[in-house]
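Good morning, and thank you for joining this group meeting. I would ask everyone to turn to the display, and I shall then describe the fold element by element.

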Amino acid sequence: MAEGILELAQELAEISRLVEDDDVSTTLSRFVRRMVQTVPDCDESSLTVLANGQPEIVARYHRTTDPISEPPRAALDAELTTKSGPVYDTLMYGEPRRIADLAVDYRWPEFAAAGINAGYRSCLFLPLPAANDDVATFSLFSGKPNAFGGTSYDLVLLLALHAGAAFDNVQLYNDSTQLVSQLQSALANRTVIGQAQGILMHRYDLSPDTAFTVLKRGSQDGNLKLRALALELVEAQSNGTLTQTLTNRGLISG
């Protein structure tokens, strides 16, 4: 018992760990793969999100890569993304849907037929808990009837909870990374613009505001971004061609 709990804890720690350069797609792909590898009798797992009111599969993993099974599974994918099946119900209402045996469950007949044709007998659809506004659902499939009950259901629920936390974390990480990148870019822009201001102030004894106004005028007249013009002036100062560059840009008369 203790050994099993330890293995589960290690598994949860592994799938929840953020790897450098992870994005949402990579993180969720890792989860659906681990679902199949961890949950007893699970042959396939996928994750579907609601995008502009339409279900869309964003991650999918199957235990085998048998090309013969691909056409039936493609037909099943089509049923997963319709608005008349169990996935859409789970997405809309945030409630789990379990089909113990597709052969005797008549709630979604077209979906059941596609599932049986793909080699499955039971499935489970579980909403992904997340703090953001995104709506997502895990889909698990088994070739055995009555799978995903009892302990298996508890395990799937635990994995889904960790998936939701990882989903939030990776989005927060990506948002933070983008913010840092934007701040670094803004700082670099500010630095080079400040250097160009300093060049104009020193050369023509201008105030900071007047030097910045001259730069903005040159940017507008030359249809050039302010940072690009500033960088051009800084490089010209370094290369000894500042006077010619200022003339070319119409900042001084020739």
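From the N terminus on, the elements of the protein follow the order α-α-β-β-α-α-β-α-β-β-α-α-α-α. In total there are nine helices and five strands, where helices (H or I, at least four residues) and strands (E, at least two) are DSSP runs numbered from the N terminus. The model is predicted: local features need pLDDT of at least 70, side-chain atom pairs count only at pLDDT 80 or more, and totals for chains, interfaces and linings use all residues. Residues are numbered from 1 along each chain as its sequence is written, and side-chain values use heavy atoms, with hydrogens and water left out.

Two overall figures come next. Of the 254 residues of the protein, 37% count as buried; buried means under 20% relative accessible area, exposed over 50%, and partly exposed in between, with a 1.4 Å probe and protein chains only. Among contacts with a separation of 6 or more, 59% are between residues 24 or more positions apart, a contact being heavy atoms within 4.5 Å.

I turn to the sheet. In what order do the five strands lie in the open sheet? The order is β2-β1-β5-β4-β3, and the pairing is antiparallel; two strands pair if DSSP finds at least two bridges between them. At the edges are β2 (54-62) and β3 (97-99), each of which pairs on one side only. From one strand to the next, the twist averages 15°. Here axes are lines fitted to C-alpha atoms, for helices over the stretch in contact, and angles run from 0 to 180 degrees between N-to-C directions. As a general point, strands of a sheet pair through backbone hydrogen bonds, either parallel or antiparallel.

Strand β1 (residues 44-51) is joined to β2 by eight bridges, and the two run antiparallel. The bridge partner of E44 is H62 in β2, and that of S45 is Y61, also in β2. These strands form a hairpin with two residues between them, and N52 in the turn has a positive phi of about 55°.

Helix α4 (residues 86-93) packs on the sheet, where it touches β1, β2, β3, β4 and β5; its direction makes about 55° with that of β1. Within α4, the residues P86, V87, Y88, T90 and L91 are buried. Just after this helix, G94 takes a positive phi of about 65°.

Let us look at one residue of the sheet, S139, which is placed in strand β5. Is S139 buried or exposed? S139 counts as buried because its relative accessibility is 0%. Leaving aside residues up to four places away in sequence, S139 touches E44, S45, S46, T48, L80, V87, L124 and F125.

How many aromatic pairs does a search of the whole structure find? The search finds three. Rings of Phe, Tyr and Trp (its six-membered ring) pair if their centres lie within 6.5 Å; planes under 30 degrees apart count as stacked, over 60 as edge-to-face and the rest as tilted. One of the pairs, F111 with F125, is edge-to-face, at 5.6 Å centre to centre and 65° between the planes. This pair links distant parts of the chain, with F111 in helix α5 (residues 109-117) and F125 in strand β4 (residues 122-127), 14 residues apart. Both F111 and F125 are buried. F125 also forms an edge-to-face pair with F141, at 6.1 Å centre to centre and 80° between the planes. Here F125 in β4 is linked to F141 in strand β5 (residues 136-142), 16 residues away. F141 is buried, with a relative accessible area of 0%. One aromatic cluster is formed by F111, Y120, F125 and F141.

Finally, the helix pairs. Helix α3 (residues 70-80) packs with α5 at an angle of about 155°, their axes 8 Å apart. That angle makes α3 roughly antiparallel to α5; angles under 35 degrees count as roughly parallel, over 145 as roughly antiparallel, 65 to 115 as roughly perpendicular and the rest as oblique. The contact is made by P72, A75, L76, E79 and L80 of α3 and E110, F111, A114, G115 and N117 of α5.

Helix α7 (residues 208-221) and helix α8 (residues 226-239) pack at about 110°, with axes 9 Å apart. α7 is therefore roughly perpendicular to α8. Their contact is made by F212, L215, K216, G218 and S219 of α7 and L226, L229 and L233 of α8.
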